[in-house]
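Me: I would like to learn how to read contacts between side chains. Could we go through some together?

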Amino acid sequence: LLDSSVPAIQSTIGSPLQYEYRTKLTPHFEAPPKSAQKNPPSSETKPDWLKIGFNRVGTNKTMDIEECPIATPVINDAYRAARENIVKNIYTYKRGVSLLYRDSLPIPSEPSVETTADPVDTLTASLEEHVCITDHRATAREKVGDFIFEYVAGSFFQNNNSVLVPLTTYVHDAIFSPSPTGPSTITSSDAEAPTHLVDAYCGAGLFAITLSPHFQTVAGIELSEDSIKAAKNIARLNNIPSEKISFRAGDAADIFATVGEFPPEKTVLVIDPPRKGCDDNFIKQLLEFKCKTVVYVSCNVHTQARDVGKILKATEGEESGKKYVLESVRGFDLFPQTAHVESVAVLRLV
């Protein structure tokens with residue numbers, strides 16, 4: 001790409017929490033050696049070979065971690081207690097174990113159902129209390145801005161709640177106003193704001209749910225049926241009518257066939273793919289659909305740059321109104337104390 005087609009990278013938005021932010025940990029440990037299983041010692045002290053924690057970088061060797069500085073306090077409290085129990089009972093394990101610790105708001109004893117009362121209001125009193133969930137199949141709950149999210153504890157959800165409001169707010173602002181540092185792409189002829197939102201790789205619906213008040217129609221698509229089930233429940237939990245928002249299980253590459261009735265000139269596409277990025281079939285359909293705005297959110301800047309480059313190159317010779325430009329790129333520090341960063345790139349059709 002020409003240097004002129006890439007705007008200056010904006011400064012990274014920091015995480016409000018630099019430590020004690022991570023809401024999910026998955027430490028692990030190995031079973032005792034067979035010799036120790038046959039003749040376990042009577043002592044309950046921790047054996048030297050027992051390592052409970054995470055793999056050392058670039059190896060399959062476990063580093064023993066007594067406390068994680070980036071995990072939330074409720075997770076560390078539960079983890080410390082679990083370590084003591086594991087040491088006490090280590091010789092009863094016949095195989096290695098992968099553990100789960102998920103920070104969650106308390107789950108009501110009664111299942112969530114639609115009522116005339118506002119479910120969010122009824123939860124306000126318990127929002128400051130946190131619990132730790134260790135069952136992969138249990139339901140976890142958290143609040144993002146004014147929205148309540150419930151999802152399977154072992155499934156994917158962003159693990160730094162403190163930065164999710166700044167992230168979703170930035171995406172909203174990027175959609176509805178031109179970038180102050182990118183090329184000017186919104187003109188006076190763009191009288192009508194976007195009305196339709198497509199959330200590809202939507203997971204439990206973070207962007208679809210939080211951006212829904214600003215659109216007439218929202219569609220999310222995700223391969224995981226469990227995530228789609230969670231997203232539909234989250235919409236009900238937040239009183240978002242099914243006529244306005246829909247979630248569909250399927251490959252993101254098929255989404256454009258399912259939203260064919262959406263007007264491209266009034267449609268925004270949010271992409272938040274896995275680390276491998278988007279495949280060529282998805283990009284091909286994106287280019288054919290030509291929605292007005294594309295917001296590409298990624299945890300892998302390398303595959304994001306590759307995919308954005310493909311989109312820009314494919315339309316660089318197009319006539320006015322059919323060419324994508326890269327309006328802005330900005331990082332979000334979703335993973336403080338690590339080398340990773342979340343990147344948000346905004347493309348506009350001009």
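Me: Is aspartate 64 buried, partly exposed or exposed, and what puts it there?

Reply: Good place to start! This is a predicted model. Buried means under 20% relative accessible area and exposed means over 50%. Aspartate 64 has 25%, so it counts as partly exposed.

Me: Which side chain does aspartate 64 meet in a salt bridge at 3.6 Å?

Reply: That is lysine 46, with the 3.6 Å taken from N to O. The two come from distant parts of the chain, 18 residues apart: aspartate 64 lies in strand S5, and lysine 46 in the loop between helix H1 and strand S4. Lysine 46 is partly exposed too, at 30%.

Me: Which arginine forms a salt bridge with aspartate 64?

Reply: Arginine 83, with the closest N and O atoms 3.1 Å apart. Arginine 83 sits in helix H2, 19 residues from aspartate 64. Its relative accessible area is 9%, so arginine 83 is buried. Through shared partners, Lys46, Asp64 and Arg83 join into one network.

Me: Now the rings. How is a pair of aromatic rings described?

Reply: By the distance of the centres and the angle of the planes. Here there are eight aromatic pairs. In one of them, tyrosine 151 and phenylalanine 157 have centres 4.5 Å apart and planes at 10 degrees, so this pair is stacked.

Me: Are tyrosine 201 and phenylalanine 282 stacked or tilted?

Reply: Tilted, with 5.6 Å centre to centre and 55 degrees between the planes. They link distant parts of the chain, 81 residues apart, and both are buried.

Terms used:
Residues numbered from 1 in each chain as written. Predicted model: local features only at pLDDT ≥ 70, side-chain atom pairs only at ≥ 80, totals over all residues. Heavy atoms only, no water. Phe/Tyr/Trp six-rings, centres within 6.5 Å; stacked < 30°, edge-to-face > 60°. Helix = DSSP H or I, 4+ residues; strand = E, 2+ residues; numbered from the N terminus. Buried < 20%, exposed > 50% of the residue type's maximum accessible area, 1.4 Å probe, protein only. Salt bridge = Lys/Arg side-chain N within 4 Å of Asp/Glu carboxyl O.
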